[in-house]
Amino acid sequence: MKLIVGLGNPGPQYEQTRHNVGFRVVDRLAEQQRWTWERRGRAMLANGNIGSEKVVLIKPLTFMNNSGEAVGELVRWYKVQPEDVLIVYDELDLPLGKVRLRSNGSAGGHNGLNSIIHHLHTNQFPRLRVGIGRPENIRMDTVDYVLGAPGGDERIILVSGEDRAIEAIPLIIRQGIATTMNLINADPEAQQKAEEKRRLQQERREQERLRRQAEKREQQDEEETPPT
């Protein structure tokens, strides 16, 4: 069994905010799977199977900073290990729309994640982060930024990141964290640059080989040419 926890704040006023990335990801995944939501205690749940694995989607209703209260209760109820709990949330320190998967780690200043670490008494659980970037205006308060709703191109890029997170979750369940990390965390731009570097190196080696070959032929021609 896997618990997939999307972090956010309950209420329509928060639905489109940057801080509710986690809620939106699990909402759209439930819609894709045609799973229905029901309230249980201090969380909304939707469940079904992905492949042969039983999966429970969770949206804590305790508000972001107290997410661990609801998550801790459900981890104990379902009797799962921390490594079977995937947390999906927004990340200020990732560029807008970037997605990263980690198997464990610190809260990194995220209050929702910090609450979960506190209530699970460990940070040894995987997390899927969707980058929201930092405000361009350095004077803007961080709370105002994360509780604001992006618009225009920013919104389009963020939705694209949420799409990749939704695609990643079934991969995580079917293939495991380690394999999926290699797929999700690969930077396409870095890969492209590395490939271009390898291509140039190969071209230079080939040019050097042809130059040596030409020099050798020239030397052979000189040796075979009789003196006049």
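Predicted model: local features only at pLDDT ≥ 70, side-chain atom pairs only at ≥ 80, totals over all residues.

Colleague: Which strands does β1 pair with in the parallel sense?

Modeller: Strand β1 (residues 2-6) runs parallel to strand β4 (residues 53-60), with 4 bridges joining them. It also pairs in the parallel sense with strand β5 (residues 85-91), again over 4 bridges.

Colleague: Which residue in β4 stands opposite I4?

Modeller: I4 stands opposite L57 in β4. On the β5 side, V5 has I87 as its bridge partner.

Colleague: And how many residues of β1 are buried?

Modeller: Strand β1 is mostly covered, with 4 of its 5 residues buried.

Colleague: Now the hairpins. How many bridges join β2 to β3?

Modeller: Strand β2 (residues 38-40) and strand β3 (residues 43-50) run antiparallel and are joined by 3 bridges. R39 has M44 in β3 as its bridge partner. The hairpin has 2 residues between the strands, and G41 takes a positive phi near 65° there.

Colleague: What about β3 and β4?

Modeller: Those strands also run antiparallel, and 8 bridges join them. I50 is paired with E53 in β4. Here too the hairpin has 2 residues between the strands, with G51 at a positive phi near 65°.

Colleague: Turning to charges, how many salt bridges are there?

Modeller: The count comes to 16 salt bridges. One of them joins the side chains of D84 and K2, at 2.7 Å from N to O.

Colleague: Where do D84 and K2 lie?

Modeller: D84 is in the loop between α2 (67-78) and β5, whereas K2 is in strand β1, so the pair ties together parts that are 82 residues apart in sequence. K2 is partly exposed, with a relative accessible area of 22%.

Colleague: Which residue forms a salt bridge with K59?

Modeller: K59 forms a salt bridge with D27, and their closest N and O atoms are 2.8 Å apart. This pair links distant parts of the chain, K59 being in strand β4 and D27 in helix α1 (residues 21-33), 32 residues apart.

Colleague: Are those two side chains buried or partly exposed?

Modeller: K59 counts as buried because its relative accessibility, 13%, is under 20%. D27 is partly exposed, with a relative accessible area of 28%.

Colleague: Which residues are linked in a network of salt bridges?

Modeller: R24, R28, R155, E162 and D163 are linked in such a network. Within it, E162 forms a salt bridge with R155, the closest N and O atoms being 3.9 Å apart. E162 counts as buried at 1% relative accessibility, whereas R155 counts as partly exposed at 21%.

Colleague: And where is there a patch of negative charge?

Modeller: On the surface, E218, D221, E222, E223 and E224 gather in a patch of negative charge. D221 is found in helix α7 (residues 188-224), and at 45% relative accessibility D221 counts as partly exposed.

Notes: Residues numbered from 1 in each chain as written. Heavy atoms only, no water. Patch = residues over 30% accessible without salt bridge, like charges linked within 9 Å, V, L, I, M, F, W, Y side chains within 5 Å. Areas by Shrake-Rupley, 256 points an atom, 1.4 Å probe, with all protein chains shown as cover. Salt bridge = Lys/Arg side-chain N within 4 Å of Asp/Glu carboxyl O. Lys, Arg positive; Asp, Glu negative; His and termini not counted. Charge placed at Lys NZ, Arg CZ, Asp CG, Glu CD. Buried < 20%, exposed > 50% of the residue type's maximum accessible area, 1.4 Å probe, protein only. Pairing = 2+ DSSP bridges.
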